[in-house]
Amino acid sequence: MLSISVKEFLFWKKKQLSKGGDQQSFAVLLDCLGGLTINDQYLMNVKPEGKLYLKKNLDYLGSIWDNHLQESQPIQYLCGITFWRDLKLKVSNKVLIPRPETELIVDIVFNIFGKRSQKLFFAELGTGSGAISIALALAYPFCDGIATDIDQDVLEIAIRNYRNSCKQSNLKFFCGNWWSPLESYKGKLDLAVSNPPYIPRNTYEKLPKEVKNFEPKVALLGGEDGLKHIREIIQKAPFFLKEKGWLILENHFDQGENVKELLIKNKFTSIEIVKDLSGIGRFTIGRYK
Ligand SMILES: C[S@@+](CC[C@H](N)C(=O)[O-])C[C@H]1O[C@@H](n2cnc3c(N)ncnc32)[C@H](O)[C@@H]1O
């Protein structure tokens, strides 16, 4: 541990942020590589006296920050960590960095099932870092869940995140294409959630380089119109959901009405487009019959 005065540290921090980048990314760097928790960082701003202790020296932290700014590489990949809801998750460039707007999926589940449900059996299709499934498994410790992904390397990261987050054993992980790992659970799910790849090809080609050059294409691209995977998930959902089981999907900002149509066509009811905190119809939900 390296000791430094808080004043000197705050001066250095101001200089780093003046080069560019945002406060949130800088906070991730300080927490993950500097060893200063978000709470420590808050406290030193309100009480800038005394000393603090860092796991790495300022030159090293500054060089990672420069790398982030120059290469547009997400700080979460450089640090190998991200924060999502109250979870601290490992990430590598094999997995999508879970987005803040996706956090709302967990609240949608709470709204539907309450916070104390004891008999929920859920599946998440395309779990990535495991964020959604782990949050649900922790919120419902007496319920069971299954998290799937097409990529075994991705699942290894999700499994590690689950083990690091709790000592529970109510979440299983399976590899395969959308519903195919769930063949033996047909008609048994109370809930399926998915944030599938939904970016249309044209939009994908124009994504900012911090996304396109670093985040996995398989996690983003949803075919020509962006709906390729959503279509497949909705069409097969009726075989896996219980009668009255719920499907919750995240979609692109302008896909809500199309997703709603697909749900109607496949005999879903109680369909609703749910807005995110920016007022965008980010989620489409429905109940199978
Ligand atoms: C948009 S990311 C979502 C990751 C995570 N659930 C989240 O919200 O941060 C989509 C995920 O779906 C996975 N995926 C892509 N195609 C798939 C397929 N055919 N079957 C299963 N999973 C797939 C990707 O590997 C990726 O982890």
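This is a predicted model: local features need pLDDT of at least 70, side-chain atom pairs count only at pLDDT 80 or more; totals for chains, interfaces and linings use all residues.
Local features rest on pLDDT of at least 70 and side-chain atom pairs on pLDDT 80 or more, while totals for chains, interfaces and linings use all residues. Residues are numbered from 1 along each chain as its sequence is written, and side-chain values use heavy atoms, with hydrogens and water left out.

Polar contacts (N or O atom pairs within 3.5 Å) are made by several of its neighbours. A polar side-chain atom of Asp149 lies 2.7 Å from a ligand oxygen, and one of Asn177 lies 2.6 Å from a ligand nitrogen. Trp178 takes part through its backbone, with a polar atom 2.9 Å from a nitrogen of the ligand. The protein buries 97% of the 600 Å² that the ligand exposes when taken alone (Shrake-Rupley method, 1.4 Å probe).

Turning to charged pairs, the structure holds twelve salt bridges, defined by a Lys or Arg side-chain nitrogen within 4 Å of an Asp or Glu carboxyl oxygen. One of them joins Asp107 and Arg85 at 3.0 Å, N to O. This pair links distant parts of the chain, 22 residues apart.

Methods
A polar contact is a pair of N or O atoms within 3.5 Å; within protein, one must be able to donate a hydrogen and the other to accept it, and residues adjacent in sequence count only if both atoms are side-chain atoms. Helices (H or I, at least four residues) and strands (E, at least two) are DSSP runs, numbered from the N terminus.
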